[in-house]
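These are my notebook entries on a structure that I went through step by step. I wrote down what I looked up and the rule behind each term.

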Amino acid sequence: MTRIDAKFADLKAANKKAFVAYVMAGDPDFDTSLELVKGLPAAGVDVIELGLPFTDPMADGPTIQLAGQRALEAGMTLQRTLDLARAFREEDNTTPIVLMGYYNPIYSRGVETFLKDAKDAGIDGLIVVDLPPEEDSELCLPAQEAGLNFIRLATPTTDDKRLPRVLQNTSGFVYYVSITGITGAAEAEATNVGPEVARIKASTDLPVIVGFGINTPEKAKGIASVADGAVVGSAIVSQIGAGKPVGEVLSFVKSLSDGAHSA
């Protein structure tokens, strides 16, 4: 059982919804990013999504693209991202970390080497948005064999014919993208999301967590009420991008987690 599996089992037993927070590793710099990540569990974050900075993030809107650029300019790399996770693990051995990014840096490092290093650093799961199910032998299946969850995205355009393929080798949880398009582009609506979550849950026992377009405590509560939890990324990253102090960012995160947990 991975930390992700254990976390969702605990949440289910407590009849609680999950709150997942996304931050870009190394934004605006390594030390500030590490301080922020270390503060997320106390701010009510159940699962940390750690963005892997990349030069061509095709699923991300301007907010997260800029975060990636800031991180890269501050010297962030795949190795430094793993170093950040390892430093976090020195103080916290229970909060799951999902590494979210694109395949190119992983491919460049070599899959076998990357999976060993990620596992050693305390990474629990992967979301690699540009590897479809047709490429499962490339990273998904080796990741599962290495003891890492491979989390797949389902979207409003994932129809009933496509859904079984998407779910086939997914583990940990299913990430439902509430809107079509890029991150931060529109707002999620619980009335639209609810039926889609129900459709996915009819085909899997995995938790279904909803992300994209959630930017207030009220939105987090509304989405969590029709799913197993909510993910917030761009709204948090925009606070970091505005130069807010770490304490202020964490207070905002706490308001979002309170919203999701009140669902």
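I began with N15, which I found in the loop between α1 (3-13) and β1; helices (H or I, at least four residues) and strands (E, at least two) are DSSP runs, numbered from the N terminus. The phi angle of N15 is near 55°, a positive value in a residue that is not glycine.

I noted that this is a predicted model, in which local features need pLDDT of at least 70 and side-chain atom pairs count only at pLDDT 80 or more, while totals for chains, interfaces and linings use all residues. Residues are numbered from 1 along each chain as its sequence is written, and side-chain values use heavy atoms, with hydrogens and water left out.

Next I looked up P28, which sits in the loop between β1 and α2 (30-39). The peptide bond that leads from D27 to P28 is cis, with omega near 0°.

Sheet entry. I traced an open sheet of nine strands in the order β5-β4-β3-β2-β1-β9-β8-β7-β6, with parallel pairing; two strands pair if DSSP finds at least two bridges between them. At the edges I found β5 (149-150) and β6 (153-154), each of which pairs on one side only. I then followed β3 to strand β4 (residues 125-128), to which four bridges join it in a parallel run. G101 has V128 in β4 as its bridge partner.

Cavity entry. On a 1 Å grid over the protein atoms alone, a cavity is a set of points where a 1.4 Å probe fits but cannot get out, a pocket is an open set with protein on both sides within 12 Å along at least five of seven lines, and lining residues have an atom within 4 Å of a point. Grid points are joined across faces, edges and corners, and a volume is the space filled by probe spheres set on the points. I counted one cavity of 30 Å³ or more. The largest cavity holds about 100 Å³ of space, and of the 13 residues that line it, Y22, D60, M100, G101 and Y102 are the closest to its centre. The elements that give two or more residues to this lining are β1 (18-24), α3 (62-73) and β3 (97-101).

The largest pocket holds about 400 Å³ of space, and of its 23 lining residues the closest to the centre are V129, L153, T155, T158 and V177.

Helix entry. Which helix comes within 7 Å of helix α10 (residues 217-226), axis to axis? I found helix α12 (residues 246-261), and the two axes cross at roughly 30°; axes are lines fitted to C-alpha atoms, for helices over the stretch in contact, and angles run from 0 to 180 degrees between N-to-C directions. α10 and α12 are therefore roughly parallel to each other, since angles under 35 degrees count as roughly parallel, over 145 as roughly antiparallel, 65 to 115 as roughly perpendicular and the rest as oblique. I also looked up α2 and helix α4 (residues 78-89), which pack at an angle of about 40° with their axes 10 Å apart, so α2 and α4 are oblique to each other.
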